[in-house]
Amino acid sequence: MIDTFYLPGRVCSTKAIKEIAEKASAPYTMICLKPEIEWVYLGQERMIQVMEMSGATMVYADHFQKITNDQSQITNVEAPVIDYQIGALRDDFDFGAVLLWDTAKLKALVAQMDTDYEFAGLYDLRLRAEKLEHIPEYLYYEVETDTRKSGEKLFDYVDPRNRAVQIEMEQCVTAHLKRIGAYLKPGVYKELPKAEDYPVTASVIIPCKNRARTIADAIHSALNQKVRAPYSFNVIVVDDNSTDGTAQILKGLMNGDASLNDANGELIYIAQDKTWHAIGGNWNVAIHDPRCGKYAIQLDSDDTYFDDTTVQRFIDCFESGNYGMVIGTYQLTNMAGEILPPGVIDHREWTDYNGRNNALRINGLGAPRGFYVPLLRTINYPTTKYGEDYAVGLRISRDYPIGRIYDVVYNCRRWEDNSDANCDIVAMNRNNWYKDRLRSWELQARLK
């Protein structure tokens, strides 16, 4: 009743997918992305049962991961996956290691595959599928070989070593968007809202919560920026009810800390009320403050600017074009400033020609981000602590051009307190589901 085939992971050729479809003769075709699958009693039968009830093209299920520690001890860890939605367009969507296909539907989809990919064969196949059904039941065991922490896996999708794969995945998702009518043609944009008078040219925005160890570094980095006349800038720090001494550090800096004697910009401190804000809400308070400048430039509270020219570079880029947003290039470092792999993250996959389409495939648009405030005040951030920047970037990319700075202007400092340093699988699923939902909403808007 089932033909079983093995693929070496989600990156595979169109040729491999076509060979599977040609050889499959049973009613159902199982594609396994890892070897050594072990089944829960009647697990395969349950997948078939759900397939028949739901009429799905493909079903996938929650499972267990068999993880071996340094002492060669094996632990079975729950590995739930998430529901598929129309915005689940990222090429690293986790289905688990077992994909059960309706063979007739599989063959029909493969017959439509008109591009021979070296890496995007499976991606192309599942983008064409009409219904992918998640079974929220633990039905099998797979051997997990990638035991890195979430923060170490985070930048795989922009690793320069995987550039050839990324280019093919972009080609594949672009073809998909054209098929469904959600493709955005290059160079077709709306007019930006007019700018009124602003107290300064640019504001560096630093939202923070419990960053006593790093906040002073970020503020010094911002205040030591140098801008040419007639441009000017300030630094707006929004503290979201910190309890670790961050507020006391900020008050000390505001009261004339000697280390800021050479500061080039004004420091503005905003203390939030006790309601829910998260990162997005803190940004909203800053950009709607009357002291905010014409451009708002990101600086996370545990990061620093690469040198004293970052703000000027953003101003120059904004002034050179009608951009709703400008995105820079960053390098990964530890707290000592030492470069971490994969090093420089420049998001070369963003192009004027196709960036806003490819933005629906990837999980982030880059950093640091700068915004044209008259536009940002009409959009606003979602009040959330994850994905808020991606949501704004997607929305802007739909209707307005985005400028790019491909020189390093930012140090993204990785340490144990990064919010994404070591997420468990529940947190990772929640984060991925939310970004998929953002893509679903954006896709629906583009389809209109």
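Buried means under 20% relative accessible area, exposed over 50%, and partly exposed in between (1.4 Å probe, protein chains only). Helices (H or I, at least four residues) and strands (E, at least two) are DSSP runs, numbered from the N terminus.

This is a predicted model, where local features need pLDDT of at least 70, side-chain atom pairs count only at pLDDT 80 or more, and totals for chains, interfaces and linings use all residues. Residues are numbered from 1 along each chain as its sequence is written, and side-chain values use heavy atoms, without hydrogens and water.

Turn to strand β1 (residues 2-6). Its side chains alternate. β1 pairs with strand β2 (residues 28-32) in the parallel sense, over 5 bridges; pairing takes at least two bridges found by DSSP. F5 stands opposite I31 in β2.

Next come helices α13 (residues 388-399) and α14 (residues 425-447). Their axes come within 10 Å and cross at roughly 15 degrees. α13 is therefore roughly parallel to α14, a label for angles under 35 degrees. Axes are lines fitted to C-alpha atoms, for helices over the stretch in contact, and angles run from 0 to 180 degrees between N-to-C directions. In α13, Y390, A391, L394, R395, S397 and R398 meet K435, L438, R439, E442, A445 and R446 in α14. Contact means heavy atoms within 4.5 Å.

Technical notes. Angles under 35 degrees count as roughly parallel, over 145 as roughly antiparallel, 65 to 115 as roughly perpendicular and the rest as oblique.
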